[in-house]
Amino acid sequence: MKHVLNAWYVAAWSTDIVAAKLHSLSIASDPLVLYRKENGDLVAFEDRCVHRHAPLSLGRCEGDHLRCMYHRFLFDSEGRCVEIPGQDKIPETARVRSYPAVDQHGWVWPGNPELADPALIPDVIGLDNPDYILGSGELDYDVEPRLIHDNLCELSHAAFVHASSFPVTEDSAASPVEISPIDRGVRFRRWMRQQPGMENGGQPVDVWFVNEYLVPGILRISSAAYLPGTADSCKNAAPPAELPAMD
């Protein structure tokens, strides 16, 4: 399939990329290897040596450099080959493709590096935010990625597929959805009336639910509970900013 290349992809949790250890993955069908420099900066290379295409992820870190362990080519953190055993002359073309990488939870840009603006990294809450209890994990799906995107954009299935995980009624699937384009994505907003509350002994609440899908596959979800009748008083529009949500 074709991939959106000029976008920031989630590469890994920052805590998973540790000093002197290589981390391999695939982004937009490209094999990548990530590692940290001695100062903690993130480095992302194509996981393929320029010599015999051996995976660099089978090599080792040497300070800020990465050593291919097939024929021991050594690459600096910019991807340039700086050492070939038994050979003084190093061709200018002996370099590994490097990718822009930002250690703001671990992002990699597989497209045109001149367009890799860190300001385009989605604003998401990370493990370092003390106001949120956030777990981290990883799942591998043996399916075409767009099927996952479709699943995450239409969350009406939650009341049926995840009935034992989320306190939502089957009626929530019939709630009207407001769909609108946003910068580099699309937003889905809806009121779900008379849902079981999580913090008030299960008493019904009206829930304002916002689901944002951002290219190339980032999902941001936010929700807030209000007193029953709030959805009707707001006429299905967004709740006013000054309207306090329930704890």
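Which side chain makes a polar contact with the side chain of aspartate 30? In this predicted model, the side chain of tyrosine 99 does so, at 3.4 Å. The legends below begin with that residue.

Figure 1. Tyrosine 99 belongs to strand 9, which covers residues 98–99. With a relative accessibility of 6%, tyrosine 99 counts as buried. Besides the contact with aspartate 30 at 3.4 Å, the tyrosine 99 side chain makes a polar contact of 3.3 Å with the side chain of arginine 97. Setting aside residues up to four places away in sequence, tyrosine 99 touches Asp30, Leu32, Ala44, Phe45, Glu46, Val108, Trp109 and Pro110. Leucine 34 is 65 residues from tyrosine 99 along the chain, and the C-alpha atoms of these two are 9.7 Å apart.

**Figure 2. Arginine 36 and its polar contacts.** Arginine 36 is located in strand 3. Its relative accessible area is 12%, so arginine 36 is buried. The side chain of arginine 36 reaches the backbone oxygen of isoleucine 17 at 2.5 Å. A further polar contact, of 2.6 Å, links the side chain of arginine 36 with that of aspartate 103. When residues up to four places away in sequence are not counted, arginine 36 touches Ser14, Ile17, Val18, Ala19, Asp41, Leu42 and Asp103.

**Figure 3. The nonpolar cores.** The largest nonpolar core has 17 residues, and the members that touch the most others are Tyr35, Phe45, Leu56, Leu66 and Phe75. Strand 3 (30–36) and strand 4 (42–46) are the elements that give two or more residues to this core. Another core, of 14 residues, lies apart from it and includes Tyr9, Ile17, Leu34 and Val108. Leucine 56 is in contact with Leu22, Val33, Phe45, Glu46, Asp47, Arg48, Cys49, Leu66, Cys68, Phe75 and Val96, leaving aside neighbours within four places in sequence.

**Figure 4. Aromatic pairs.** Four aromatic pairs are found in a search of the whole structure. In one of them, the ring centres of tryptophan 8 and tryptophan 109 are 5.3 Å apart and the planes stand at 65°, so the pair is edge-to-face. Tryptophan 8 is in the segment before strand 1, while tryptophan 109 is in the loop between strand 11 and helix 1 (145–153); the pair therefore ties together parts that are 101 residues apart in sequence. Both residues count as buried: tryptophan 8 at 3% relative accessibility and tryptophan 109 at 1%. Tyrosine 35 and phenylalanine 45 also form an edge-to-face pair, with 5.9 Å from centre to centre and 70° between the planes. Tyrosine 35 lies in strand 3 and phenylalanine 45 in strand 4, so this pair ties together parts that are ten residues apart in sequence. Tyrosine 35 and phenylalanine 45 are buried. Elsewhere, Trp191, Trp208 and Tyr226 are linked into a cluster by ring pairs.

Figure 5. Three strands, in the order 1-11-10, form an open sheet with antiparallel pairing. Strand 1 (9–10) and strand 10 (101–102) are at the edges and have a single partner strand each, so one side of each is left without a neighbour in the sheet. Strand 10 and strand 11 (residues 107–108) run antiparallel and are joined by two bridges. Within this pairing, alanine 101 stands opposite valine 108 of strand 11.

Figure 6. Five bridges pair strand 12 (residues 178–182) with strand 13 (residues 185–196) in the antiparallel sense. Proline 181 has valine 186, in strand 13, as its bridge partner. The hairpin of strand 12 and strand 13 has two residues between the strands, and arginine 184 takes a positive phi near 60° there. Strand 13 also pairs with strand 14 (residues 204–214), in the antiparallel sense over ten bridges. Phenylalanine 188 stands opposite asparagine 211 in strand 14.

**Figure 7. Cysteines.** A disulfide is a covalent bond between the sulfur atoms of two cysteines. The count of disulfides in this model is zero. Cysteine 61 is buried, with a relative accessible area of 16%. Cysteine 153 also counts as buried, at 18% relative accessibility.

Note on methods
Residues numbered from 1 in each chain as written. Predicted model: local features only at pLDDT ≥ 70, side-chain atom pairs only at ≥ 80, totals over all residues. Heavy atoms only, no water. Pairing = 2+ DSSP bridges. Helix = DSSP H or I, 4+ residues; strand = E, 2+ residues; numbered from the N terminus. Core = buried A, V, L, I, M, F, W, Y, C linked by side-chain atoms within 4.5 Å. Buried < 20%, exposed > 50% of the residue type's maximum accessible area, 1.4 Å probe, protein only. Contact = heavy atoms within 4.5 Å. Polar contact = N/O pair within 3.5 Å; in protein donor to acceptor, adjacent residues only side chain to side chain. Disulfide = S-S within 2.5 Å. Phe/Tyr/Trp six-rings, centres within 6.5 Å; stacked < 30°, edge-to-face > 60°.
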